[in-house]
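Me: I have a structure to go through. Could you take me over the main points?

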Protein chains: 2
Amino acid sequence: MPLDDAEDGRQPNTAGSSTSTPGPHRKPTLKTIAELTGLAVTTVSRALGDDPLIARETRQRVQAAAAQVGYLPDRAAQRLRTGRTNVISLVLDPHEEILGYGTSMIRGMTATLRGTPYHLVITPHFSDTPQIDPVRHIVRNRMADGILFSRTEPSDERVKFLLEAGFPFVCHGRTELATPHPYVDYDNYRFTYQAAKKLIASGCRRLFIILPPERFTFHHHMRHGFMTAVREEGVGFEIASGITLDSKADAVRDHVAARLAKADPPDGFICGGEVSAMAVMSATHDLGLEIGRDVSLVAKQTSGLFDQVRPRIETIYEDLSEAGRLMAGLLLKRMAGATPVGELQAVLEV
Amino acid sequence: MPLDDAEDGRQPNTAGSSTSTPGPHRKPTLKTIAELTGLAVTTVSRALGDDPLIARETRQRVQAAAAQVGYLPDRAAQRLRTGRTNVISLVLDPHEEILGYGTSMIRGMTATLRGTPYHLVITPHFSDTPQIDPVRHIVRNRMADGILFSRTEPSDERVKFLLEAGFPFVCHGRTELATPHPYVDYDNYRFTYQAAKKLIASGCRRLFIILPPERFTFHHHMRHGFMTAVREEGVGFEIASGITLDSKADAVRDHVAARLAKADPPDGFICGGEVSAMAVMSATHDLGLEIGRDVSLVAKQTSGLFDQVRPRIETIYEDLSEAGRLMAGLLLKRMAGATPVGELQAVLEV
DNA sequence: TGCTCGGGTTATAACGTTATAAATTGCCTA
DNA sequence: TAGGCAATTTATAACGTTATAACCCGAGCA
């Protein structure tokens, strides 16, 4: 706030233009403050860390001086010395980036991380390499202090690896591993259960569901919720085969259209993603069917998109931004230690 | 590839469990390789840098050893020593995250950065602080070697600041500053020009356009292209006031619906974003109007969304992923120096 | 007087890397 | 045979920070 020194950080490594005079003002370091206060560098470092072994009055004097010159610790030096990176890695599958899936999460994460010393680094996971590679790399080379990822599998290799390495992480989605670990999940069981109930209540007699790929845990949650509901009600049902929530929209549309053209077509659809819901809508539209009259649809909504889509459809909301916030928050707690893992788990209600 | 040592990086700074024996295998450093080859640390460092002053045979020997033990340089140490961070900061406005605007860009950027030593760090810019703050912070504390950002303004403070500081950057969108600087932009002039022409060709006689907020450069490009077309053709036109492409979808819908209910309603709409296009569609639908019969709509398409939206509308595609690729590519060139700035500019065609 | 005690401060070393200057070697020339 | 040169290699120092152990000094005690 004081002394808004406009220019700084100039001549980072440019040819030594002249002798390195103190210059207008260089980037302030501990040494700067040490000279300013007449104390030793060590003392300054400890004073800034509010070490109670340093006299209270000294601490205040140092902190005032630091604020004066706008001191900010050098992350590289801290990292080299302490081994802590102050980085949190978000391992993102390009698949997830479709239609802002990852983005709302990112927004939640950055919001939580604001005010902490942590930076969020996007570590892309390219689909031509095993899922665990980026995670291994991060741990092995200590590229971060903690890891966030999603698309969790029942027996997830990454979880197993990270647990064994004792490396802090939070994943989106649960596993079926015996060892408890931090996670944030959405109650996909209730999602499909409620979705099916809604459809049945509105008169549907043959439900059709599109599930995520089988390898993901939430495939099973969704399937289970769906099956429970249809069994309870005793209605007909179908589980899409050949397409998943990860399929391209065109593929989903064609598949659904083909099915609708055959005998005994489903009259109620459950879509766990916005893309596939749009595809179902376009398929029905193209066949001259009308949503709400000929068929019904319940979709999971993760953005404001469906507020503008016509005809209106039934949706159940998943707050990914909140999930991101939570994941980052739990990871911070996990890294701080002290909290038992059992309390670092959350299932977001529908 | 050889020696896939499963465990590593354990006990980073945990209490000194025992004397620090060489251990199973610690994280390899230059020293490790030096001992392995019997050379000095300096020599190893230079050999890995392929310094021609080191004997060719030595270089090969060292590089082989490095590969053997899976050596990877410590980023913190490099950064501390050289001042280079190997980080590229993407300054993202939360606004941009809506519906994956930022995400496709991120995908393009990470793809380009793959194989380079650079990491992409998301630096959120919260709207309660001036746009230039995160940029200042990054430069002042050398948090990155280069900056990417968008939502460029004609007399953009960030561009001015970065130019003056000599700090590498690429922005999405142009300025009207005299000094040339790297940028990637989309030809929004042609977008609106062509959009207007299409609408007129299909019979529209009163065009309605929703523009971005006035402070952004592309507001003016879009306005200009639009105005040129309507003047050339001599049709009626309206420019939305009170709402922009940044407005919430509900606000856009209400505004459009209100306008359509009045006298002399527009019969052709141009939307520079997917959200606003959806809002226009829902507004017309709610009034019982039919797209393609009563009104027409041309939208900018940045995802596959409109392939599934019914009724089908006319769209013009903007490849944000390609923009991200390009931005990262240009930034790499800019940081390497050597390329004249005049060649670090690109306008993507529609 | 010598001794410990403890609050407060400081010197030293180290994290892993690289720029700079210096050293070593063999070999060729004067 | 000393001097010099080129080709390699190496020692030293430094980047900014912090953990560790040491230091200083006055007070209290025997």
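Reply: The following covers the DNA contacts and then part of a sheet. Residues are numbered from 1 along each chain as its sequence is written, with chains lettered from A and ligands numbered from 1 in the order in which they are written. This is a predicted model, in which local features need pLDDT of at least 70, side-chain atom pairs count only at pLDDT 80 or more, and totals for chains, interfaces and linings use all residues.

Me: Which residues come nearest to DNA strand C?
Reply: Among 24 residues around it, A:Ala55, B:Thr29, B:Leu30, B:Asp74 and B:Ala77 come nearest. A residue is near if its C-beta atom, placed from the backbone, lies within 6 Å of the molecule or strand.

Me: Changing topic, which way do the residues of E8(B) point?
Reply: B:Gly268 and B:Ile270 point one way, B:Phe269 and B:Cys271 the other, and all are buried (20 or more other C-beta atoms within 10 Å of their own, C-beta atoms being placed from the backbone).

Me: How many bridges join E8(B) to E9(B)?
Reply: Four, and the strands run parallel; pairing requires at least two DSSP bridges. B:Gly268 has B:Ser296 as its bridge partner in E9(B).

Notes:
Buried ≥ 20, exposed ≤ 12 C-beta atoms within 10 Å, placed from the backbone. Helix = DSSP H or I, 4+ residues; strand = E, 2+ residues; numbered from the N terminus.
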